Amino acid sequence: MKKIRYDVILYPLLIVLSFVLIFAMIYKDNQAMPPMLMKVTFQGEYETENGDWQEVEQCRNIPFINGEAHLKGYFQLETTDGMVVGKVPKDIHMTAYFNHIGGQINLNGETVHIFDMENSQLGISSCGEDWIKFDNPADENDIVEIILRNPHKYGNTGAVNTFLESLYTYSGAAFDEQMTEEGAMQRTSGIVIMVVSFILLGVAVFSTILKVPYSRMLWIFGFMILSAGCYCLIDSPNFCMCGNSVVINTTVKHLCIMLYPAFLFLLTEMCLKDKVKKAGRVITGIYGVLSVAALVIAAAGGKLIYDLNYGLIFVQLAAALILMVLCALSFKKSDVRQVIMTSVCLVTLIALVTDISAVLLGTWNTAAASGIAFMAVFICSLFYSLRIIPLNIKESIRAKELQLELQENRIAVMMSQIRPHFLYNALSAICDLCSTEPLKARDALVDFSVFLRENMDAITSSEPVPFKQELSHIKTYIKLEKLRFGDRINVVYDIPEDDFNIQPLTIQPIVENAIKHGIRLKENGGTVTLRTREENGIITITVSDDGVGFDTNSPKTNSGSRSHVGLENVRSRVEKYTDGRFTVESEKGKGTVVTISFRK
């Protein structure tokens with residue numbers, strides 16, 4: 001009978017019971033806490049923008065776009081269950097929540113209290129949200145006048161109602177503790193999200209060092225989740241009681257409002273295809289430039305970030321709507337993975353548009369829809385990171401094994417490209433031109449030196465190069481070959497796609513192979529065609545010739561085989577360093593087609 005280890009059962013049980021005890025104590029502690037909140041309501045009437053006076057009703061929204069709102073009446077004390085106790089006695093400590101509004105209390109025509117939130121005399125430090133404490137200045141028979149002011153060019157329509165619904169008697173630390181507990185769950189969620197974002201960014205750093213594919217997407221995921229998590233933390237109920245600086249809270253919150261869409265737009269642009277992708281890049285670039293301009297203006301002190309975000313929110317709305325259309329156009333050209341990513345981006349964009357529209361219309365003033373959609377992004381990012389982490393480990397092991405092989409391959413490729421026969425033939429052709437066409441000989445000598453330099457650069461660099469650079473090297477080689485063979489060598493370039501990177505000396509050896517073993521063996525020469533295509537994120541490069549062709553099933557020999565060391569090294573590098581495919585198709589008398597395909 002197999003012996004049961006006590007630690008396998010005992011210690012997990014110990015951990016579980018520890019958490020049970022903690023949650024039990026929290027529950028009992030909450031139950032044991034006596035009610036310390038006494039609700040205050042304002043009874044009276046109000047007017048806005050010099051309109052008619054109307055009765056204050058608890059469930060009726062008081063619109064407040066800009067300017068001032070005036071209220072006249074008295075404070076009434078209630079229990080938390082709605083039972084009326086009576087008028088609030090004079091000098092009782094009270095508190096209310098101010099959301100980017102300021103104001104004052106007048107009694108008998110004189111100002112008796114000025115609220116320090118959004119007070120122009122205090123400057124930028126007062127811009128934000130906070131609980132303000134004050135004493136009730138009115139006796140039982142007095143009528144108080146409350147004036148609420150919005151110093152910004154726009155307002156949040158629920159500011160007056162927020163003030164009225166947050167009136168309480170203030171009981172010091174006990175009140176602060178209970179208000180702080182209201183947002184504890186959301187703050188905890190925000191902190192967890194931010195911790196996960198730091199983990200993702202750490203994986204992104206490791207992935208970038210190892211050159212793991214799609215590392216850029218991991219960076220975008222990380223910063224997007226960091227912005228959302230930070231917003232979730234600061235936007236939690238009564239966070240102002242946790243953070244000491246109102247201005248820092250406001251600045252960070254509105255930076256998150258600016259940055260979250262920026263990274264969402266970047267993520268969406270990565271999922272787009274072809275011409276649609278270029279349009280998405282323009283939209284993302286415009287938003288990025290405007291965001292940078294807003295930050296510069298805010299940093300210089302010209303405007304508050306709170307005010308600048310109101311203008312930027314219209315740009316966010318327009319950009320999100322355009323990107324939604326571009327996402328819809330990209331579906332038919334995407335593979336399954338891209339369809340999933342595009343769908344996630346589309347849902348998140350719809351949520352962003354919903355929230356922006358709701359804020360502009362005054363329906364709500366939080367990122368409610370984006371919070372729900374964000375969970376889809378959060379889950380996708382976790383799944384993506386779990387896929388990347390083992391790939392990082394695999395790549396780190398593989399990188400050490402391939403480093404030496406890569407150096408050996410570079411040497412082999414260079415030696416296959418700089419052969420004594422080629423050097424001799426090229427220099428001989430240049431010498432022949434010196435006496436007959438010296439200017440052409442000079443140009444040919446420049447091409448020859450460029451060709452040698454580019455080959456030398458290839459052996460010293462381990463980084464992929466732009467395809468345009470490889471194409472330039474190919475054209476230089478063609479010029480040198482044409483010195484000897486003239487019109488017997490023709491090259492056709494069909495290159496609609498050239499915006500990608502490739503290992504150096506990947507295509508040039510294939511073109512050379514097509515000329516040397518294909519069209520040069522024909523009496524009248526022939527044509528080599530170089531094509532590039534992109535479809536669903538896959539780059540396909542084809543080098544075809546109408547030369548003599550060969551039997552792909554015949555044994556390879558050192559003298560007659562077209563698969564010499566240069567071509568074999570190309571195959572090896574394509575398969576190992578890009579996870580791509582390398583195929584050769586040939587038929588005697590008709591020509592040869594070499595195809596390379598890899599993910600962009």
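**Close-up views of aromatic side chains**

**View 1. Tyr-310 and Phe-314 are four residues apart in helix H8, so about one helical turn separates them.** Helices here are DSSP runs (H or I, at least four residues), numbered from the N terminus. This is a predicted model, in which local features need pLDDT of at least 70 and side-chain atom pairs count only at pLDDT 80 or more, while totals for chains, interfaces and linings use all residues. Residues are numbered from 1 along each chain as its sequence is written, and side-chain values use heavy atoms, leaving out hydrogens and water.

**View 2. Ring pairs link Phe-42, Phe-75, Phe-98, Phe-115, Phe-134 and Phe-163 into a cluster.** Rings of Phe, Tyr and Trp (its six-membered ring) pair if their centres lie within 6.5 Å; planes under 30 degrees apart count as stacked, over 60 as edge-to-face and the rest as tilted. By this rule the count comes to 17 aromatic pairs.

**View 3. Here Tyr-168 and Phe-175 form a tilted aromatic pair, 6.0 Å centre to centre with 55 degrees between the planes.** Both Tyr-168 and Phe-175 are buried (under 20% relative accessible area; exposed is over 50%, partly exposed in between, with a 1.4 Å probe and protein chains only). Tyr-310 is partly exposed at 33% relative accessible area, and Phe-314 is partly exposed at 41%.

**View 4. Look for the charged end of Lys-39 over the ring of Tyr-168, 4.8 Å from its centre.** The criterion is NZ of Lys or CZ of Arg within 6 Å of the ring centre and within 35 degrees of the ring normal. Likewise, the charged end of Lys-475 sits over the ring of Tyr-493, 5.0 Å from its centre.

Note on methods: Helices (H or I, at least four residues) and strands (E, at least two) are DSSP runs, numbered from the N terminus.
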